[in-house]
Amino acid sequence: MNYSRPLSTASVGWSQNLSSVRPKSMFRRMCFKLRCLLLENWRRGWVLLLWIMAMATLFVWKFMQYKNRAAFQVMGYCLCTAKGSAETLKLNMALILLPVCRNTLTWLRSTKARSFVPFDDSINFHKTIACAIAIGVLVHGGSHLACDFIRLTNAPPEKFALIASDFSHGKRPTYLELLISILGITGIAMVVFMAIAFILATSHFRRNILRFPAPFNRLTGFNAFWYSHHLLGLVYILLVIHGTFLYLSHQWYQRSTWMYIAVPLLLYMGERTVRACRAEHYSVKIFKVSVLPGDVFSMVMSKPQGFKYKSGQYIFLQCPSISPFEWHPFSITSAPGDEYLSVHIRTVGDWTKELKRVFTEVNNSPFVIGRARFGGPGYIDNNCQPKLLVDGPYGAPAQDYRNYDVLLLVGLGIGATPFISILRDLLNNSRPEDQMDLATEMSRSDDSWNSLASSNYTANSSLTIGGKKKSPPRTRNAYFYWVTRESGSFEWFKGVMDEVAEMDHKGQIELHNYLTSVYEEGDARSTLITMVQALNHAKHGVDILSGTRVRTHFARPNWKEVFRKIASKHPHATV
């Protein structure tokens, strides 16, 4: 029964070497934790520090500039505070566009910039800037509405005379006139639009955590978040107008709003244009749709011409027959060398449920084998098959796996999808040449389709590209831990699991399946299933739960022991 233990292969030598991994004294442990903290966060730290310093510098510069002007005698520090926060708002309204320029970030990930810029935190930085904008709006608007507008409208004539030339006809405006001016209307409109976009982007609204009765239920969910975010296009138009009709600035270079946002806005608009054009070019043909247990279905589609990607990256899919505006991201589960694209999709929303219905119920493919629907380039009728558009690929954290000697891949449920692509790629790169003719013997069953395509790629590719030898991959070993709640989930990637177990003769890839719905090993309540599992594996070499050669463990992994095991086994490697 020890076979089902996740650490049954750990030897006495490993446990003896653990003392060299963990520091003994309290002082050394604290230094070790501090070192790990710095290694983990130094890239985030310097970016945030630079950003905060830039905001502070702009605030102080503009604050001191208005403190030395005549308007300070009328409106005091309220004006200085409002203008200082306005300058930080200009900066942040420009910066907030950069983290969502996906094509640019994907390109930067392939440069040396990835070593000192945390591209994986781009969305978190986007949210952080949004919070800073919200604070800046409150300070800027509050200073105007609650302070300097009041002081301006109540200023004595002799003080107002100092700035009378900045207002039309030298007349002191009333509070209402300031509100209904171009500055007042554009400012209030921007606050309203940004408030709507900000509120509907919070997790409680975006993830349908809040439940409202109809018709207010439309205010929650991804669609509300997506469409409300497009209100920010109006905000940028209003921002340019707002920054053009300033009262106390007359020279063109003093109205600097457009200078801040011009380049980021053009970059973002260019990205959206490229994505729209590329999506029309990347219309794919569906080869196969398989309905799998656990509300999951897989789609195997043609690879668009010129489409290149790395394992771990993701794509956006759009089905115009469902919605001409909605794009949804999915991790690629095929390997870069495969002649097709594949994704595994869990039906957790209205769009994914409709996509499953469209491609499984409304499918006129001539071949139906079990729950899988087949088609090919010669059998697909574009007039009958719903159109599917692809946009991407886009960078993701897992794509940098080639930079490490040893990989620890941890997937929870459907979150294992990017690692399946990595496993395929590692297997393609390490498969012996004497097994390359295996592709012609494969059948097109549900479990062997992926093996066929990856074997075809390996058989048809040589060891050279354009006359140049391939550099050997750095990654030597990979440990894949897949934790799931339902035993039916093991059907999702059954073909890959069997292929790795059969083809990986060098023992480079170690697979571990964990089923959390069963009590941990050693518990009396799971003794019977553990015995049956052990007997079946000993007799047939197949796990009774997953239906593959990969054995299934129970409960959750003991991560501390997993980390110690890998650290002890690879003491001088980058994990």
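Modeller: UniProt positions follow the numbering used here, feature names are shortened, and annotations may be inferred rather than shown by experiment. The model is predicted, so local features need pLDDT of at least 70 and side-chain atom pairs count only at pLDDT 80 or more, while totals for chains, interfaces and linings use all residues. Residues are numbered from 1 along each chain as its sequence is written, and side-chain values use heavy atoms, with hydrogens and water left out.

Colleague: At which residues does UniProt place the feature "transmembrane region"?

Modeller: The feature comes from an unreviewed UniProt entry. That entry places "transmembrane region" at residues 45-64, 178-205, 225-248 and 406-423.

Colleague: Over residues 45-64, how many Å apart are the end C-alpha atoms?

Modeller: Helices (H or I, at least four residues) and strands (E, at least two) are DSSP runs, numbered from the N terminus. Residues 178-205 are 89% helix and 0% strand, with end C-alpha atoms 35 Å apart. Residues 45-64 are 100% helix and 0% strand, and there the end C-alpha atoms are apart by 28 Å.

Colleague: What percentage of the 575 residues in the chain is buried?

Modeller: The chain has 18 helices and 15 strands. Buried means under 20% relative accessible area, against over 50% for exposed and partly exposed in between (1.4 Å probe, protein chains only). Of the 575 residues, the buried share is 45%.

Colleague: Which residues does Met 194 touch, not counting residues up to four places away in sequence?

Modeller: Met 194 is found in helix 8 and is buried, with a relative accessible area of 16%. Val 137 is 57 residues from Met 194 in sequence, and their C-alpha atoms are 9.5 Å apart. Contact means heavy atoms within 4.5 Å. Leaving out residues up to four places away in sequence, Met 194 touches Met 93, Ile 133, Val 137, Leu 232 and Val 235.

Colleague: Which helices do the buried residues of helix 10 pack against?

Modeller: Helix 10 spans residues 222-229, and its buried residues are Ala 224, Phe 225, Trp 226 and Ser 228. These pack against helix 8 (182-201), helix 9 (203-206), helix 11 (232-244) and helix 12 (257-281).

Colleague: Are helix 11 and helix 12 roughly parallel or antiparallel to each other?

Modeller: Tyr 236, Leu 239, Val 240 and Gly 243 in helix 11 meet Thr 257, Ile 261 and Leu 265 in helix 12. The axes (lines fitted to C-alpha atoms, for helices over the stretch in contact, with angles from 0 to 180 degrees between N-to-C directions) are 9 Å apart, at an angle of about 155°. Angles under 35 degrees count as roughly parallel, over 145 as roughly antiparallel, 65 to 115 as roughly perpendicular and the rest as oblique. Helix 11 and helix 12 are therefore roughly antiparallel.

Colleague: Is the crossing in which helix 3 passes helix 5 left-handed or right-handed?

Modeller: The axes of helix 3 (residues 72-95) and helix 5 (residues 122-153) come within 8 Å and cross at roughly 155°. That makes helix 3 roughly antiparallel to helix 5. A crossing is left-handed if the near helix is turned anticlockwise from the far one by less than a right angle, and right-handed if clockwise. Helix 3 passes helix 5 in a crossing that is left-handed.

Colleague: Which residue in strand 6 stands opposite Ser 302?

Modeller: Two strands pair if DSSP finds at least two bridges between them. Strand 3 (residues 296-302) pairs with strand 6 in the antiparallel sense over seven bridges. Strand 6 (residues 340-346) has six of its seven residues buried. Opposite Ser 302 stands Tyr 340.

Colleague: Which residue of strand 5 is the bridge partner of Leu 317?

Modeller: Strand 4 (residues 314-318) and strand 5 (residues 328-331) pair in the antiparallel sense over four bridges. In strand 5, Pro 329 and Ser 331 form an uncovered face, while the covered face is His 328 and Phe 330. The bridge partner of Leu 317 is His 328.
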